[in-house]
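Open the model and keep the sequence beside it.

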Amino acid sequence: MKKYILALGLSPLTVLGLFTGCSPKAETASDSDSLKIVATIFPEYDWVRQIAGEEADQMDITMLLDNGVDLHSYQPTAEDIMKVSDCDLFVYVGGESDAWVDDALKQAKNKDMQVVNLLDVLGNNAKEEEVIEGMEPEEEKEGGEEEEPEYDEHVWLSVKNAEVLSKAIADALEKADPDHKDIYQENASAYSEKLKDLDAKYQEVVDGASQKTLLFGDRFPF
């Protein structure tokens, strides 16, 4: 990933996450036949729980990255690969940091697995990374090969993205567990309203702010 300076506001989803708890490695339901869900990072994990609602207590939900582990340097263990291989729903960001996923999915035991790639869901709304003044560009590959566009993986920092992505997760949950589809869609709609309300509150603060630009040297202030 490129090193850069961004002009960003405080992430609304970071604040929302503070009210939904810390990020456990896994929550395992007692029923061995329960729906198995694997998410790579906390925002995905939290969206699944919000949409599943009370049904989450009957699911086996795993978050692969431990507290403090950086998505960009994460390397899955053999145990992680096995969890992905056998799950009913797998949610991941996509992009350069998740290059390991393609091989993992090819080896998956569960061929009926539902997969949600956040960058794919956003499609043309995903932001392509760019080099501007003050940024440190990556070294060019040997041979002068033209590189494919690299997209910003920090898609969870946008409340508007969260609405789109949580809806995609609800649709995937519905396919994996059609018996509870009405619950998932109802919870997704309710969660969307919460996100819209939160976005409106942030917009109100931004509109009334005397300073319109905040400078950060890295993502860690979030």
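Two residues are in contact here when heavy atoms lie within 4.5 Å. Leaving out residues up to four places away in sequence, Leu173 touches Leu35, Ile37, Val48, Ile51, Ala52, Met59, Leu89 and Tyr184. Keep this residue in view, since it returns below.

Now step back. The model is predicted. The protein holds 7 helices and 7 strands. Read from the N terminus, their order is β-α-β-β-α-β-α-β-α-β-α-α-α-β. The chain has 222 residues, and 39% of them are buried.

Next comes the core. The largest nonpolar core has 51 residues. Phe90 and Leu173 have the most contacts inside this core. Several elements give two or more residues to it: strand 3 (36-39), helix 2, strand 4 (60-63), strand 5 (89-92), helix 4 (101-106), helix 5 (118-122), helix 6 and helix 7 (181-207). Which of them gives the most? Helix 6 does, with 8 residues.

Helix 2 deserves a close look. Of its 11 residues, 9 are buried, so helix 2 is largely enclosed by the rest of the structure. The buried ones are Phe42, Pro43, Glu44, Tyr45, Asp46, Trp47, Val48, Ile51 and Ala52. After the helix comes Gly53, with a positive phi near 60°.

What does helix 2 pack against? Take helix 6 to begin with. The axes of helix 2 (residues 42-52) and helix 6 (residues 159-176) come within 10 Å and cross at roughly 60°. That angle makes helix 2 oblique to helix 6. The crossing is right-handed. Helix 2 contributes Glu44, Trp47, Val48, Ile51 and Ala52 to the contact. Helix 6 contributes Ala162, Leu165, Ser166, Ile169, Ala170 and Leu173. By class, this contact has 9 nonpolar, 1 polar and 1 charged residues.

Helix 2 also packs on helix 7. Here the angle is about 120°, and the axes are 7 Å apart. From helix 2, the contact uses Asp46, Trp47, Gln50, Ile51 and Ala52. From helix 7, it uses Ile183, Tyr184, Asn187, Ala188, Tyr191 and Lys194. The classes are 7 nonpolar, 2 polar and 2 charged residues.

Now turn to helix 6 and helix 7. They pack at an angle of about 175°, with their axes 9 Å apart. That makes helix 6 roughly antiparallel to helix 7. On the helix 6 side, the contact is made by Val159, Lys160, Ala162, Glu163, Ser166, Lys167, Ala170, Asp171, Leu173 and Glu174. On the helix 7 side, it is made by Lys181, Tyr184, Gln185, Ala188, Tyr191, Ser192, Leu195, Lys196, Leu198 and Asp199. By class, this contact of helix 6 with helix 7 has 9 nonpolar, 3 polar and 8 charged residues.

Begin with Leu165, in helix 6. Leu165 is buried, with a relative accessible area of 0%. Beyond residues up to four places away, Leu165 touches Trp47, Leu118, Val121, Leu122 and Val155. Val121 is 44 residues from Leu165 in sequence, yet their C-alpha atoms are 6.8 Å apart.

Move to Ala56, in the loop between helix 2 and strand 4. Ser34 is 22 residues from Ala56 along the chain, and their C-alpha atoms are separated by 9.8 Å.

Finish at Thr77, in the loop between strand 4 and helix 3 (78-86). At 41% relative accessibility, Thr77 counts as partly exposed. Thr77 and Leu64 are 13 residues apart in sequence, and 9.5 Å separates their C-alpha atoms.

How values were computed: Residues numbered from 1 in each chain as written. Predicted model: local features only at pLDDT ≥ 70, side-chain atom pairs only at ≥ 80, totals over all residues. Heavy atoms only, no water. Axes fitted to C-alpha atoms, helices over the stretch in contact; angles between N-to-C directions. Helix = DSSP H or I, 4+ residues; strand = E, 2+ residues; numbered from the N terminus. Parallel < 35°, antiparallel > 145°, perpendicular 65-115°, else oblique. Left-handed = near helix turned anticlockwise from the far one by under 90°. Nonpolar A, V, L, I, M, F, W, Y, C, P; charged D, E, K, R; others polar. Core = buried A, V, L, I, M, F, W, Y, C linked by side-chain atoms within 4.5 Å. Buried < 20%, exposed > 50% of the residue type's maximum accessible area, 1.4 Å probe, protein only.
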